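Open the model in your viewer and keep the selection tool at hand.

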Amino acid sequence: MVKKIYFQSIFFSFFFIKEAFAAESGGMPQLNPEFWVSQIFWLILTFGIMYLVLSKLILPKISNNLESRKSQILENIEAAEKQREDSDAKLKEYDEIISKSKDEANSIFNQAREKALKDIGAKREVLDKQIDSEIAEAEKEIDALRKNAPDKINKIAIETSSELLQKLIGAEVNNSSISAIVDDLSKRNGDKYYGN
Amino acid sequence: MAANPMSQFDVYRIGPEIKVGAFDISFTNASLFMILSTVSILLIFNLGSKKNSILPNKIQLLAELSYTFVSKMISDTAGSKAKPYFAFIFSLFMFVLFCNMFGMIPYTFTVTSHIIVTFVLAAFIFIGVTVIGFIKHGFGYLKLFVPSGVPAVLLPLIVIIEIISYLSRPISLSVRLFANMMAGHTMMKVFGGFVISLGIVGGWLPLSFSVALTGLEILVAFLQAYVFAILTCIYLNDALNLHH
C-alpha cells in the first residue's frame, strides 16, 4: 500500500515538473544581448584593475618573499656547513693537542726513568765500593788473625807444656828448650793444620 | 512550482540604468560577482603577501602555493620565455577559478556561465597571442600553418585545416568554459527541482544526486579554470617557440 502510493507520487510528480518547465521555459539568457555591453565593460574594468594590482603590487611581493625565503634557507645551510667545518677543525686541533701532550708525558716519564736508573746505578756503585772496602778490611783482619794465630798457639803450647812438665816432674824446665821443641813440632805440623 | 533551470543565468540591473552614448553599462548582478571575485582575489593575495615569515601562515601558504602552481604550469608548457606573461595568466586563472567557485554557492550568479564573458576573455587571448607571434617571428609565424613532413599533395588541405583550427581557438576556448558551467549549473538546478517536486517521499534520490553533483561541479569549476589557463599557455607556447 505504502509502496503503491510512493511510486504513484513519483509518477505524478513527473507530470507536474513537465508542466512547470513547459510553462516557464524561455530561451537561454546568455544569448540575450541586452546586457552584453555592460558585461564586457565590467569584465574589462574589474579584470583590468585586478591584473594591474596583482602584477604591479602583489605578485612581485610574493616572488620576493619566496626568493628571500629561498636565499635565507640557503644562507642558513651555508652557515651550518661552515660551523660544521669549524667544529671539525677544532676537533682535529683538540686531537692534535691530546696526542702532543701524550707524547710529552711519555718523554717526561722516560726521562724520569732514565734519571732514576742513573741515580740507582751511582748509588749502587758507591755501595759496592763501600762493601768492597769493608770486605777488604775484614779480609785484612782475618789475615792478621791468621798470621798471629800460630804464634799465640805456640806460646799457649809452650806455657801449657811447661806447666804440665812442672806438675809431672816437679822441676822447673827451661822454657827455651821447650819452645824450641814446640817450634819444631809446629813447623812440622803447621802445614797439616793450616794448609799453607 | 519548480523554477526554470535557466532563470539562474538571468542578468538583471542592480540600481539605476547607466548609459554611455548608445551603450548600456548598468551595474548588474554579473558586475557584482565580477567585483566580488576580484576583490576576494586581491584580498587573499594581499594578505598572503603582507608578511614574510620563514614559516608561512595559512593564507601566506595559500598565496605562495598558488603562485608556484601557476608558475610551474607556465614554465612546463610554455618555457622560460613566457615569464613576462606570468601575471596575466595568473590573473586569468584566479579570475576564472573564483568566478566558477562563487557560482557554486547557492543563490549566486556564475559570471563564467555567460558566453559573452568567456568569449571576450578568449578573444583577448587569441588576439594577444597572434600579435605576440607576429612580433616575435614576423611573417615567419605563418609557418605555424605549414607542418613539416607533410606530403605536398596533402599540403593545401592541411594548411586549410590548420587555419580553421587556429581561428576556432577562441570559440572552442570560450564555449568549453561557458558550456561546462552552464550545463553543470542547469543539471544541479534540475535535480534540485526534482527534490522539491518529488517531496519527502521520492526526493531523496535526486537529493543524493544533487549532493554528488555539487562535489563534481566543484571539481569541474577548478578543472575548467585550469584548462582555460593551460590552453592559454599552450597557445602562448605556439607563439613564443615556433616548432613547425
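Helices here are DSSP runs of H or I with at least four residues, numbered from the N terminus. Keep in mind that this is a predicted model.

Go to the end of H2(B). Just after this helix, select Gly79(B), which has a positive phi of about 80°.

Now select the whole of H2(B), residues 58–78. How far apart are its end C-alpha atoms? They are 30 Å apart; at 1.5 Å a residue, the 21 residues should span 30 Å, so the two agree.

Next, pick Gln60(B), Ala63(B), Tyr67(B), Val70(B), Ile74(B) and Ala78(B). These residues of H2(B) are buried. Their arc around the axis is only 110°, so they sit on the same side of H2(B). An α-helix has 3.6 residues a turn, so residues three or four places apart point the same way.

What do these buried residues pack against? Show H1, H3 and helix H7 (204–240) of chain B, plus helix H2 (36–169) of chain A; the buried residues pack against these.

Turn to the face of H2(B) that points away from the buried side. Select Lys58(B), Leu61(B), Leu65(B), Lys72(B) and Asp76(B): they are exposed.

Last, colour by chain. In chain B, 46 residues are in contact with 39 residues of chain A. Several elements of chain B each supply at least two residues to this side, including strand S2 (23–24), H2 and helix H6 (169–202). H1(B) gives the largest share, eleven residues. By type, the side of chain B that touches chain A has 28 nonpolar, 15 polar and three charged residues.

Note on methods
Residues numbered from 1 in each chain as written. Chains lettered and ligands numbered in written order. Predicted model: local features only at pLDDT ≥ 70, side-chain atom pairs only at ≥ 80, totals over all residues. Contact = placed C-beta atoms within 7 Å. Nonpolar A, V, L, I, M, F, W, Y, C, P; charged D, E, K, R; others polar. Expected span 1.5 Å × (residues − 1). Buried ≥ 20, exposed ≤ 12 C-beta atoms within 10 Å, placed from the backbone. Arc of directions from axis to C-beta.
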